[in-house]
Structure formats: structure tokens, C-alpha cells
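Here is a short report on one protein chain. Look over the sequence and the model before reading on.

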Amino acid sequence: MDTVAAAPPASVPVTLRKLYFLRFAFAAVWAALVFATADALGPLSTALLLVYPLFDVAAAVVDVRSARANGGPAAPLYANIAISSLTVLALALAATSGIPAVLRVWGAWAVTAGIVQLVAGAVRRRLGGQWPMIVSGAISTLAGLSFITQAGADDPSLSSLAGYAFLGGVFFLVSALRLGRAERGAAA
């Protein structure tokens with residue numbers, strides 16, 4: 001087997017690494033803002049709820065462009081774009097019904113997006129740095145189920161979404177760092 005032919009193009013890990021760092025920073029800031037507004041569903045918290053999946057769509061578009069330009073797999077990314085786009089609309093509707101409805105929609109999104117992330121990470125294993133994405137996808141799926149359960153609680157809050165986003169951001173940070181280590185190892 002020719003290891004040079006099997007190696008991913010150098011620009012893919014670089015692009016993913018930058019994107020993962022950006023996703024970590026966004027998640028950290030978003031989580032702090034949501035945590036500060038988690039007790040009520042007002043205009044600010046609603047806007048924040050809509051911005052998160054919109055950012056996910058934008059990040060997936062960047063990721064698709066990189067994957068297509070380098071002959072990488074893009075199907076899971078297209079699925080993510082569709083799911084996150086539909087989530088924006090569903091969250092806008094759910095926000096008019098209250099926090100329980102938002103938690104149900106967010107939970108459904110976390111389950112489906114988690115499965116897609118798990119598949120995308122598995123498909124991209126050869127790039128390196130994907131195990132955190134695989135684990136994050138699995139955790140997202142489980143967290144989504146917990147959000148759906150939390151929707152039935154006596155006093156539901158959006159604060160668990162902040163923790164979910166921050167943890168997801170940490171997984172992006174770990175992947176970015178692992179991709180950097182894989183890059184240095186390939187260059188040596």
C-alpha cells in the first residue's frame with residue numbers, strides 16, 4: 001500500500017483545525033450568554049437559540065467546501081446542513097410555545113446531529129483527530145434524549161443547553177489540538 005497516496009491532502013487538516021478552533025470559541029461565548037439568560041425565553045435567548053444552529057450550518061458549509069475541494073466525503077455534512085437548517089425553523093416555532101417545546105426540538109436536533117457527527121468522524125478517521133468527534137457525536141445523542149426528558153420537568157430551563165454547547169466546544173478544541181499533533185507528525 002502506498003502511504004503517500006492514502007494520506008489526506010494537507011489543506012484538509014489545516015482547514016478542519018481552524019474550523020474546530022472557531023467552533024470552540026463560538027460555543028464558549030454562546031454557552032456563557034445562554035447561561036446568563038437561561039431562566040426565561042425572551043428575545044435575546046430566542047435569538048441565541050436560533051444563532052447556534054445557523055452557525056452550525058455555516059460551519060458545515062465551510063467544511064463541505066474543504067471536503068469537496070480535496071475529494072473527501074461530504075454526504076454527512078450535507079445531512080448536517082439540512083438537519084440544522086430545519087432546526088432553525090423548528091426552534092423559531094417552538095420558542096413561541098415555551099421552554100419545554102424548545103427543549104424537545106433541541107433534543108431531537110442533538111440526537112440526529114449527534115448521529116451525523118458520529119458518522120462523519122468515523123468516515124474521516126484517516127485524517128486524524130476524529131475520535132473526539134466520534135465520542136462527541138455519541139454524547140450529543142444521549143444529551144438530546146435528556147433534553148427531551150427535561151422538557152417534562154416542573155421548572156425546565158435552558159441552562160443545560162449551555163453546558164451541552166460548551167462540552168461540544170471542548171470536543172472541537174481537543175480535535176483541533178489532535179489535528180495539529182497529527183500535522184506535526186506527518187511533517188516530521
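Which helix does Ser140 lie in? Ser140 lies in helix α6.

## Basis of the model

This is a predicted model, in which local features need pLDDT of at least 70, side-chain atom pairs count only at pLDDT 80 or more, and totals for chains, interfaces and linings use all residues. Residues are numbered from 1 along each chain as its sequence is written, and side-chain values use heavy atoms, with hydrogens and water left out.

## Overall fold

The protein chain has seven helices and zero strands. Helices (H or I, at least four residues) and strands (E, at least two) are DSSP runs, numbered from the N terminus. Along the sequence the pattern reads α-α-α-α-α-α-α.

Of the 188 residues in the protein chain, 45% are buried. Buried means under 20% relative accessible area, exposed over 50%, and partly exposed in between (1.4 Å probe, protein chains only). Among contacts with a separation of 6 or more, 77% join residues 24 or more positions apart. Contact here means heavy atoms within 4.5 Å.

## Nonpolar core

The largest nonpolar core has 29 residues. Such a core is a set of buried Ala, Val, Leu, Ile, Met, Phe, Trp, Tyr and Cys residues joined through side-chain atoms within 4.5 Å. Trp30, Tyr52, Val102, Trp106, Phe147, Leu158 and Leu161 have the most contacts inside this core. Two or more residues come from each of α2 (11-36), α3 (43-69), α4 (75-95), α5 (99-123), α6 (131-150) and α7 (159-187). The largest share, eight residues, comes from α5.

Leaving aside neighbours within four places in sequence, Val102 is in contact with Leu41, Leu49, Leu91, Ala94, Ala95 and Leu158.

## Helix packing

Two packed helices are described by the angle between their axes and the distance between the axes. Axes are lines fitted to C-alpha atoms, for helices over the stretch in contact, and angles run from 0 to 180 degrees between N-to-C directions. Angles under 35 degrees count as roughly parallel, over 145 as roughly antiparallel, 65 to 115 as roughly perpendicular and the rest as oblique. For residue classes, Ala, Val, Leu, Ile, Met, Phe, Trp, Tyr, Cys and Pro count as nonpolar, Asp, Glu, Lys and Arg as charged, and the others, Gly among them, as polar.

The axes of α3 and α4 come within 9 Å and cross at roughly 170°, so α3 is roughly antiparallel to α4. Their contact has 16 nonpolar, five polar and three charged residues. α4 and α5 pack at about 175°, with axes 9 Å apart. These two helices are therefore roughly antiparallel. Residues in this contact include Leu91 and Ala94 of α4, and Val102 and Trp106 of α5. By class, the contact has 16 nonpolar, four polar and no charged residues. The axes of α5 and α6 come within 7 Å, crossing at roughly 165°. That makes α5 roughly antiparallel to α6. This contact has 14 nonpolar, ten polar and one charged residues.

## Two buried sites

Is Ser140 buried or exposed? Ser140 is buried, because its relative accessible area is 5%. Beyond neighbours within four places in sequence, Ser140 is in contact with Ala110, Val111, Gly114 and Tyr164.

Arg124 sits in the loop between α5 and α6. With a relative accessible area of 7%, Arg124 is buried. Not counting residues up to four places away in sequence, Arg124 touches Leu16, Tyr20, Asp63, Ala67, Leu77 and Gln130. The C-alpha atoms of Arg124 and Gly72 are separated by 8.2 Å, with the two residues 52 apart along the chain.
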